[in-house]
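Subject: Structure handover and findings

Hello,

Please find the structure below. My notes on it follow.

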Amino acid sequence: MDAKDILGLPKTPLPIPQEKKSRPQKDSQRKPDGISREVYALTGGVAPLMPSIDVSQLKRRPPSDEKITWQWLPFTSSARKDDLQLYHWVRVVNGVPPTGDYSFAKYNKSVDVIRYTDEEYEKYLTDPKWTKEETDQLFDLCERFDLRFIIIADRFPTHRTVEELKDRYYSVSRAILVARAPSPGEVAGHPLVKEPYNVTQETERKRALSMVLSQTKHQERKDAEVLAEAKRIAESRMAARAAEEPDLPVPSDVGPESAEGAVGPGDTISPSNVQAPAAAIAPSTSVIADNASTLASLRMLRVYLRTYALEQMVQAASSSAGLRTIKRVEQTLQDLGVNLKPKVPTKAVCAEHLELRKEILTLLNLQKQLQYKEAEGSSFRDGSYGDMPGTAKRSQRAADQDRTFVPDTISFGGDRVVKREQKRKGPGRTSETPSSPAGAHKRPRKMKASDL
Amino acid sequence: MVDTSLSKKKDPDQPEISLPTLKSQRTKMGKSEDSEKKKIKDVEISVPIVYGNAAFWLGKKASEYQSHKWTVYVRGATNEDLSVVVKRAVFQLHSSFNNPTRVVESAPFELSESGWGEFEIAITLFFHNDVCEKPLNLYHHLKLYPEDESGPMSTKKPVVVESYDEVVFTEPSESFLARVQNHPAVTFPRLPAGVTLPPPVSIEDESKKKRGDTKDHPLSQWFLNFSEADELLQLAAARQQVQAHIAKLRRQISLTDGQNQQFKPL
């Protein structure tokens with residue numbers, strides 16, 4: 001209305017008495033009965049999609065025929081052994097107070113502690129470490145404190161650990177149960193008989209727990225690291241062993257490396273593949289796993305041609321290399337005077353061929369590594385990134401003198417090595433290149449100090 | 001592994017040699033089926049083969065559609081009889097031939113035809129039951145014309161293209177192993193310790209067999225020689241070169257690493 005005033009618009013044409021009537025109607029539409037306006041506004045002022053409270057329930061009043069009073073009355077509890085009378089407020093309906101026991105008496109539960117007779121003690125329960133007196137005291141406390149051993153230990157006259165007390169109590173109870181039972185079969189199901197208390201285990205467990213709880217943050221971190229490392233190694237071992245399992249019923253616990261060397265006729269992997277440094281175990285294991293799975297699939301075939309097998313093995317070995325690298329391997333083979341596909345593919349020849357290919361892959365990877373490092377070196381010396389390409393080429397040419405049989409190696413200007421090559425580690429890639437492999441692909445001037 | 005002393009056959013028409021009986025406590029003759037099924041793990045047995053073709057130009061007798069007479073074949077690499085392993089060979093020719101599927105039931109596994117065109121021939125080898133149930137495919141591109149196109153074509157000297165390969169059988173059955181134990185066509189493996197073979201059961205009537213080896217085959221003078229020794233030497237030399245280079249690179253890398261250490265940016 002004010003807004004309309006401000007705007008100079010005509011007021012609503014409704015006459016005033018009609019307005020008054022419409023307002024209460026609107027009010028009841030806007031807010032539901034049963035809860036106050038403020039509370040309703042808390043919920044957002046809008047009716048909920050699914051009313052959770054039935055509105056009619058909200059202001060239900062007790063049926064008007066009942067007369068309710070509250071009275072301060074005495075009561076007793078069956079849970080008490082004395083006759084103490086206490087008072088509390090009681091809801092009285094039509095002058096009739098509620099009947100029945102104190103409502104909380106049902107929660108007064110206690111443990112059923114088995115008590116032995118002196119006879120039984122003499123017969124079954126004697127123990128060198130415990131006197132009868134002590135045992136009696138123990139059982140009294142157990143009953144009194146409902147097997148709350150921490151408290152019992154606290155109140156026990158002589159100094160005993162919680163575990164000792166528990167041990168004594170459980171073994172005594174067990175012995176009595178078994179002795180009293182008409183036949184052993186009947187008590188066999190009783191939890192005390194089924195699961196005896198193991199003192200040493202408990203002591204050990206609690207000690208370990210306290211150790212863990214009292215670890216410093218530093219120790220925690222170290223533990224986490226060691227566990228993660230162990231998990232990784234175990235997993236990579238599992239992967240290799242799982243891949244080998246179908247074709248290696250050899251019952252050796254030795255790791256994948258030496259197991260590979262022991263494989264029978266179907267194997268074309270020579271131990272030289274396995275000489276990767278320990279730090280690179282994960283990559284070399286994945287290559288071994290690759291080869292192992294190829295072997296397994298070959299075995300499944302039942303019959304195959306040697307040339308086919310060689311193709312598969314070559315593929316498996318080059319799986320981590322991009323197309324360009326494979327082409328360079330082939331070029332290298334040609335330069336060395338070796339047939340791309342052996343003319344006489346006997347078992348020995350195929351094995352040698354495969355090894356040669358792998359070694360060439362290693363060679364190419366090392367070359368790349370060296371160039372990258374030389375580029376790094378020249379960037380340090382020059383101190384300016386802008387000079388990168390030229391400087392790199394100079395140092396590269398110097399290094400090129402030795403590489404007579406290998407054709408045109410990487411020039412930083414035009415090389416676009418496929419990123420794929422670097423993602424999975426191929427054979428021979430050692431931990432000497434901790435810096436991100438992705439760095440090798442970019443032009444040197446984009447190198448950051450953080451790469452080092 | 002060929003036992004050379006036994007390769008001197010007593011009867012040239014019977015290349016299959018009767019094998020010494022093995023004292024096997026495990027199997028009896030009646031249980032030959034068991035030994036057929038029983039496979040030996042971690043053992044592979046291979047058969048070196050050569051397959052290819054020889055083609056003669058017909059010269060004056062050549063017509064437009066029959067310019068060459070050629071033979072496609074699969075033979076043992078040392079010209080031994082393959083029928084110890086191969087039951088039959090099926091040569092699939094170009095569809096322009098009559099009955100392009102040619103089946104050869106006995107050694108020597110070859111097929112002769114005349115024609116003018118070069119095409120791919122699919123050769124399917126079927127093996128005996130105790131050898132392998134699955135057949136194996138080979139592909140050979142029929143070559144009629146010599147590489148050197150400018151040279152004269154001769155009716156006397158054929159154009160020969162051969163490929164060497166080895167058929168590898170994994171987990172061979174005991175009976176197969178027993179049967180081929182001393183056969184020169186087969187490269188017998190070293191058996192794992194403790195494995196003994198049952199006495200061999202011959203699969204066919206030996207008297208009926210015709211000569212299956214190709215040692216005196218009419219084309220044998222043109223067969224190519226495949227020597228693994230040459231290739232091995234070549235590969236060994238190449239590996240040496242590569243390994244030397246790798247060592248050098250590794251030295252260079254560690255050197256450069258050392259140099260780079262001094263120049264680390266601030």
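I'll start with charges over rings. The charged end of Arg75(B) sits over the ring of Phe223(B), 4.1 Å from its centre. The rule asks for NZ of Lys or CZ of Arg within 6 Å of the ring centre and within 35 degrees of the ring normal. Arg160(A) lies over the face of Trp130(A), 3.9 Å from the ring centre.

Some ground rules. This is a predicted model, in which local features need pLDDT of at least 70 and side-chain atom pairs count only at pLDDT 80 or more, while totals for chains, interfaces and linings use all residues. Residues are numbered from 1 along each chain as its sequence is written, chains are lettered from A and ligands numbered from 1 in the order in which they are written, and side-chain values use heavy atoms, with hydrogens and water left out.

Aromatic pairs

Rings of Phe, Tyr and Trp (its six-membered ring) pair if their centres lie within 6.5 Å; planes under 30 degrees apart are stacked, over 60 edge-to-face, the rest tilted. That gives 20 aromatic pairs over all chains. One of them is Phe149(A) with Tyr170(A), a tilted pair at 6.0 Å between centres and 50° between planes. Phe149(A) is in helix 7 (residues 149-155) of chain A and Tyr170(A) in helix 8 (residues 162-180) of chain A, so the pair ties together parts 21 residues apart in sequence. Helices (H or I, at least four residues) and strands (E, at least two) are DSSP runs, numbered from the N terminus. Phe149(A) is buried, at 5% relative accessible area. Tyr170(A) is partly exposed, at 24%. The cut-offs are under 20% for buried, over 50% for exposed, and partly exposed in between (1.4 Å probe, protein chains only).

In chain B, Trp70(B) and Phe97(B) have ring centres 5.9 Å apart and planes at 80°, so this pair is edge-to-face. Trp70(B) lies in strand 2 (residues 68-76) of chain B, and Phe97(B) in the loop between strand 3 (86-92) and strand 4 (101-104) of chain B, so parts 27 residues apart in sequence are tied together. Both Trp70(B) and Phe97(B) are buried.

Phe149(A) and Tyr170(A) also belong to one aromatic cluster, with Tyr116(A), Tyr121(A), Phe139(A), Tyr169(A) and Tyr197(A).

A sheet with strands from both chains

An open sheet of 5 strands has the order 3(A)-8(B)-1(B)-2(B)-5(B), with antiparallel pairing. Strands pair if DSSP finds at least two bridges between them. Strand 3 (303-305) of chain A and strand 5 (109-115) of chain B stand at the edges with a single partner strand each, so one side of each has no neighbour in the sheet. The twist averages 20° from one strand to the next. Strand 2 and strand 5 of chain B pair over 7 bridges, antiparallel. In that pairing, His68(B) stands opposite Gly115(B).

Helix 15 (residues 306-317) of chain A lies across strand 3 of chain A and strands 1 (44-57) and 8 (159-170) of chain B, at about 80° to strand 3 of chain A. Axes are lines fitted to C-alpha atoms, for helices over the stretch in contact, and angles run from 0 to 180 degrees between N-to-C directions.

The interface

The contact takes 51 residues from chain A and 46 from chain B. Contact means heavy atoms within 4.5 Å. About 4,700 Å² is buried between the chains, with carbon and sulfur atoms giving 61%. Arg302(A), Val303(A) and Leu305(A) supply 15% of the area that chain A buries against chain B, more than any other three residues. Buried area is the accessible area (1.4 Å probe) that two parts lose on being put together, summed over both.

Backbone points

Arg302(A) has a positive phi of about 75° without being a glycine. It lies in the loop between helix 14 (281-301) and strand 3 of chain A. Arg302(A) counts as partly exposed, at 32% relative accessibility. Glu171(B) also has a positive phi, about 45°. Glu171(B) is in the loop between strand 8 and helix 2 (174-179) of chain B, and counts as buried at 13%. The peptide bond from Ala107(B) to Pro108(B) is cis, with omega near -5°.

Best regards
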